[in-house]
Amino acid sequence: MVNIKINGKELKVSEGTSILNAARHFQIDIPTLCYHPDLPAWGSCGLCIVKTEGSPKMFRACATPVAEGMSIITDDPEIVEVRKNTLQLILADHPNDCLYCGRNGNCELQKLAAEFGIREQPYEPNPQNLPKDNSTPSIVLDPSKCVKCGRCVNVCQEMQNVWALEFLGRGDGTRIAPAGDIYLNDSPCIKCGQCSAHCPVGAIYEKDDTRKVWDAIRDPEIHTVVQIAPAVRVAIGEAFGYEPGTLLTGKTYAALRRLGFDTIFDTNFAADLTIMEEASEFVKRFLEGKGEIPLVTTCCPSWVDYLEKYFPDMIPHFSTAKSPQMMMASMIKTYYAQKAGIDPAKIVVVSVMPCTSKKYEINRDEDMYSSGYKDLDISITTRELARMIKSAGIEFSKLPDEEADSPLGMYTGAGTIFGATGGVMEAAIRTAYYFVTGKEMGEVEYTPVRGLEGVKESELDIDGTKVKIAVAHSISNVEYVLNKVKEAKAAGKDVPYHFIEVMACRGGCVGGGGQPYGATDAIRAKRTAGIYADDKKSEIRCSHQNPAIKKLYEEFLGEPLGEKAHKYLHTHYTP
Ligand code: HC1
Ligand code: SF4
């Protein structure tokens, strides 16, 4: 520990802590546009300048560690003046079209301009007029709005190890763009949206599909069916002033009904369905030797995109089970349409996801028309749903708790934990155990796969059979796991794992690129706690015990991995 003073107050902080974090720890918020706790400090914006007592020199609090005896001043008239001046320079390069910006009311630059009372602009306006990149189905790049903070580049390179984004040009002409100055859709981008979730302004944002949803809702000929993903229910509240992690399933159903959706189902039901197929697939490969081991989960479309691009030789290891959102969509346009007597051509399926990549998944070429129609029509993010609720004037906090509709609305605790890293694995274990032994697991909570550690390895004992497991989240953690498998295979040794779960975003879907802004590990942990609380309070906690799932197999699908299940619930991959 080192002894320091901040604004005259004596404090003890751990060695190596940056001045910015030391100050924040003691409730002094030094302004910054470039620093984010997920990322290494870059010191590019220059707003976090501070001084030490007795010295006129100013330095960046994000990039300077505390030192014994340091007496730091975070705020005096001169510091405030320099920060204001820096802000005015940033604003001079920025288009002043806040009223038309997707981040209006939720922008870190706008907030700082308000807090610093910026009322005039001494500098000649010099906004860059650069074209938007609309090429991906998931995110839009608007380089004219970029404040060159570097967060997107950092997150894409360091956290996701994708390297789709770069700084191009020099000096005044510096801008963010895909390396090689190509369209984002032609770059290695995996559409995870982490750049949009970390951007402090409106330079990268989710593609807004809410207009399409409104059109479907308002069309009297169309029957709209909506599904919500596991992780949405523990984060949507943040847009309405709730604590992160507050479980708001019932209010979200109520809001969707008031928006005008005809039928409300839950992706958690389909997560139970995914487990039926994926756990069966695991047993078939692992115990019967039919197929490659390790089995790798594939419900995260950014992860699938990454694997197809960078590890195509691993394709035989992918689970062929579709993601829950796609399984749900094909069941809506077949099973539900038949049961409800609705022409599937008149159904529009909408999904609400914590994810920008799900917009890409619905447009993949592979097996996404299994119902005979486009299975899933529109996918929107948690952020887009929050905007729809607000623009419709719905007072979210005053809504009653409502139920989802039948037959695709009932879910188990296993379905809900899909939303957190390790959750798909834990849900699969609960059912695989039953499939292998014919007995239920006594204690269903399998905690070695939980938590925010980048790679979680463990060994499960299923009635004397050892199952080696790995769970990774954030693409930067994946290479370690895959390389271990590849090295073992190349050396002709036993594979180090039998079952691998990967989610592209840190924390899993709770930390998805389409979730409300401002996620940090503390917020991801709260959302995760909300997910596990939902599991704990569930009467049924294993997918194979879901009565609505049993009925679906009895009435329509037949057996897991059977002919019909293959037709509607499985897919393939293209290198
Ligand atoms: Fe996810 Fe999944 S867990 S991928 O994050 O397998 O988006 O929440 O809906 O499909 O169920 C997302 C979440 C989500 C799918 C499920
Ligand atoms: Fe990089 Fe993900 Fe953004 Fe694509 S969506 S540029 S992969 S951070």
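Ligand shells, a hairpin and a nonpolar core

Me: In this predicted model, how do the residues of the shell around ligand 2 divide into nonpolar, polar and charged?
Reply: The shell around ligand 2 holds 14 residues, and Cys156, Ala164, Cys189, Cys192 and Cys195 come nearest to the ligand. Sorted by type, the residues of this shell are ten nonpolar, three polar and one charged.

Me: Which helices each supply at least two residues of the shell around ligand 2?
Reply: Among the residues that come nearest to ligand 2 are Cys156 and Cys195. The helices that each supply at least two residues of this shell are H4, which covers 151-159, and H5, which covers 194-198.

Me: Around ligand 1, which elements give two or more residues to the shell?
Reply: Of the 18 residues around ligand 1, the ones that come nearest are Ala229, Ala231, Cys299, Cys355 and Cys509. By type, the shell around ligand 1 divides into twelve nonpolar residues, five polar and one charged. The elements that give two or more residues to this shell are helix H8 (267-286) and helix H10 (324-340).

Me: Which strands are the edge strands of the open sheet of four strands?
Reply: The open sheet has mixed pairing, and its four strands follow the order E12-E17-E16-E15. An edge strand here pairs on one side only, and the strands for which this holds are E12 (295-296) and E15 (455-462).

Me: In E16, which residue is the bridge partner of leucine 460?
Reply: Strands E15 and E16 run antiparallel, with eight bridges joining E15 to E16, whose residues are 465-473. Along this pairing, glutamate 457 has alanine 470 as its bridge partner in E16, while for leucine 460 the bridge partner in E16 is valine 467.

Me: Which residue in the turn of the hairpin formed by E15 and E16 has a positive phi?
Reply: The hairpin formed by E15 and E16 leaves two residues between the strands. In that turn, a positive phi of about 50 degrees belongs to aspartate 463.

Me: Which residues does isoleucine 332 touch, not counting residues up to four places away in sequence?
Reply: Ile332 belongs to the largest nonpolar core, which has 160 residues, and is listed with Cys152, Met328, Ala428 and Ala504 as touching the most other members. With residues up to four places away in sequence left out, isoleucine 332 touches Val225, Phe265, Ala337, Ile347, Val349 and Leu408.

Me: Over residues 78-117, how far apart are the end C-alpha atoms?
Reply: An unreviewed UniProt entry places the feature "domain: 4Fe-4S His(Cys)3-ligated-type" at residues 78-117. Over these residues the chain is 57% helix and 0% strand, and the distance between the end C-alpha atoms is 15 Å.

Technical notes
Residues are numbered from 1 along each chain as its sequence is written. Chains are lettered from A and ligands numbered from 1 in the order in which they are written. This is a predicted model: local features need pLDDT of at least 70, side-chain atom pairs count only at pLDDT 80 or more; totals for chains, interfaces and linings use all residues. A nonpolar core is a set of buried Ala, Val, Leu, Ile, Met, Phe, Trp, Tyr and Cys residues joined through C-beta atoms within 7 Å. A residue is buried if 20 or more other C-beta atoms lie within 10 Å of its own, exposed if 12 or fewer, and partly exposed in between; C-beta atoms are placed from the backbone. Two residues are in contact if their C-beta atoms, placed from the backbone, lie within 7 Å. UniProt positions are given in the numbering used here, feature names are shortened, and annotations may be inferred rather than shown by experiment. A residue is near a molecule or strand if its C-beta atom, placed from the backbone, lies within 6 Å of it. Ala, Val, Leu, Ile, Met, Phe, Trp, Tyr, Cys and Pro count as nonpolar, Asp, Glu, Lys and Arg as charged, and the others, Gly among them, as polar. Two strands pair if DSSP finds at least two bridges between them.
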